[in-house]
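Subject: Handover of the structure, with notes

Hello,

I am passing this structure on to you. Please open it alongside the notes that follow.

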Amino acid sequence: MQITALPEVAKMVGANRILRGTNITYVVGNKNLPKEEEQKLNQRYLEKALALLQTPVEEQTIFALD
Amino acid sequence: MLQKLRVVHYINQFFAGIGGEEYADVGFALHEKPVGPGVALQRELGERGEVVATLVCGDNFFAGDFEKNAEEGFRMIEQFKPDLFIAGPAFAAGRYGPSCGAMCKIVSERLGIPAITAMNEENPGVEMYSQYAYIVKCGVNSKEMTSVIKKMIRLADALLENKPDPRLVAPNDCIPSPYEYDYYTRNLIKNVFTEETTAERSIDLLLKKIRKEPFESDVLKPPFGRVKPGEPIKDITKAKIAFVTDGGIVPTGNPDRIPSRMCTIWKEYELDKLCPQGGGQHEVSHRGYNNYEVLMDYNRLMPIDPAREFEKEGRIGKLNPTLFTTCGNVSIVKKSKIMGNEIAKVLVDEHVDAVILTSA
């Protein structure tokens, strides 16, 4: 699976399980959050990534963080 | 009178009339006459040419090793000194197509003669060999045989004529138009002289596009292709997970000189050395985004620390001890495909079950 702030590009080049990231400069973080909150966000991205790895997909799909 | 063209034809066991799937394992055989669709081919050639030999091989046999078997097939037909090589048509047949493609590739490379086959767009042989062989477009049904052979011969005539094109910088370097002759583009680019300047031609094309008129672009879209989605992981608590990134993270000092744009190399680094908890050992070689945030915390590019926790807690089987990195900025598609294949091979060798790829 791929996490990227530019999911449309990932789709164009052929990725199948795509997760939309926060921002180009902090894909799975957020510099505007307090440290602790950002760590939680990191973890949520990992949880979602692992969930997608266990999700069957038939075609290219862009997912967002819950 | 001109000498008759010597034509060699390649077909599979099915079209040679040997049999279907139960005979797909038969090896190479040679016939010094037209066989099966070769009869229609001979009819289309008429007095201009003669099918001097037909090479036959079982689909399974050939598919065992396309390159090696193409070599063997080539050795058998070389003696006939062909002026033209025809393979198939293979329509949508998934083993027959690549076999035809592999034969055309080796014949055109070794003998420098036109080598033509035909396939449906669904045939995997198109993706594998359209760069190396002239593959005429066709449907899925062999009822089209005669019309497809006509198209192949029309293209053969154009290639053999090699009519000098005064527009070309090298006038004898003629390539028949893929549009006009209905074959899959080989993505070959040639320099031509034109009456108008680039600016004039660009505006002309743009206006056509705006008016929704048909036009042929000079720029080829890179072929990205589609990949079948991987099966979902059944038990993530037993899976080995690896991080791959094109965000350009590298050890301090960038010892392997990973370029920050148009990168064609990738590296595998020990995760704990490149990204020890607390950081301080990495920098970023990527001129496509502001690296400051990732420089401050690698977890902004990849959720590495949470993955370490998950490994300890048994929520994932194992975190791969190495990280794969490259820089995805103005990258060349062709090179990126090569890098992707190389990385995938190492991942498989290291028994990695799943990958989290992050991109800036």
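In what order do the 6 strands of the open sheet in chain B stand? The order is S2-S3-S1-S4-S5-S6, and the pairing is mixed. Before the details, some conventions. This is a predicted model, in which local features need pLDDT of at least 70 and side-chain atom pairs count only at pLDDT 80 or more, while totals for chains, interfaces and linings use all residues. Residues are numbered from 1 along each chain as its sequence is written, and chains are lettered from A and ligands numbered from 1 in the order in which they are written.

The sheet within chain B

Helices (H or I, at least four residues) and strands (E, at least two) are DSSP runs, numbered from the N terminus. Two strands pair if DSSP finds at least two bridges between them. In the 6-strand sheet, strand S2 (29-31) and S6 of chain B are the edge strands, each pairing on one side only. Neighbouring strands of this sheet are turned against each other by 25 degrees on average, direction ignored.

Strand S1 (residues 5-12) and strand S3 (residues 49-57) of chain B pair in the parallel sense, over 8 bridges. In that pair, B:Ile11 stands opposite B:Val56. Strand S5 (residues 115-119) and strand S6 (residues 134-137) of chain B also run parallel, joined by 4 bridges. Here B:Ala118 stands opposite B:Val136. From S5(B) the chain crosses through helix H5 (residues 124-129) of chain B to S6(B), a right-handed β-α-β crossover. Right-handed is used here if, with the strands pointing away from the viewer, the path from the first strand over the helix to the second runs clockwise.

Strand S4 of chain B holds B:Pro89. A cis peptide bond joins B:Gly88 to B:Pro89, with omega at about 5 degrees. Another backbone detail is at B:Asp182, a residue other than glycine with a positive phi, near 55 degrees. B:Asp182 is in the loop between H6 and helix H7 (198-210) of chain B.

Helices of chain B

Helix H4 (residues 96-111) of chain B lies across S1, S3, S4, S5 and S6 of chain B, and runs at about 165 degrees to S4(B). For such angles, axes are lines fitted to C-alpha atoms, for helices over the stretch in contact, and the values run from 0 to 180 degrees between N-to-C directions. Contact between two residues requires their C-beta atoms, placed from the backbone, to lie within 7 Å.

Helix H3 (residues 66-77) of chain B crosses H4(B) at roughly 55 degrees, and the axes come within 9 Å. That makes H3(B) oblique to H4(B); angles under 35 degrees count as roughly parallel, over 145 as roughly antiparallel, 65 to 115 as roughly perpendicular and the rest as oblique. By class, the contact of H3(B) with H4(B) has 8 nonpolar, 2 polar and 4 charged residues. Ala, Val, Leu, Ile, Met, Phe, Trp, Tyr, Cys and Pro count as nonpolar, Asp, Glu, Lys and Arg as charged, and the others, Gly among them, as polar.

Helix H1 (residues 37-45) and helix H6 (residues 145-161) of chain B pack at an angle of about 50 degrees, with axes 10 Å apart. The crossing of H1(B) and H6(B) is right-handed. Among the residues in contact are B:Leu41 of H1(B) and B:Ile149 of H6(B).

Where the two chains meet

How many residues does each chain give to the contact? Chain B gives 28 residues and chain A gives 29 residues. On the chain B side, helix H10 (304-313) and strand S12 (354-359) are the elements that give two or more residues. S12(B) gives the most, with 5 residues. The residues of the chain B side divide into 18 nonpolar, 5 polar and 5 charged.

A second open sheet has 7 strands in the order S3(A)-S2(A)-S1(A)-S12(B)-S7(B)-S11(B)-S9(B), with mixed pairing. Strand S3 (61-63) of chain A and strand S9 (267-270) of chain B stand at the edges with a single partner strand each, so one side of each has no neighbour in the sheet. Strand S1 (residues 2-4) of chain A runs parallel to S12(B), joined by 3 bridges. A:Thr4 has B:Ser359 as its bridge partner.

Regards

Key: A crossing is left-handed if the near helix is turned anticlockwise from the far one by less than a right angle, and right-handed if clockwise.
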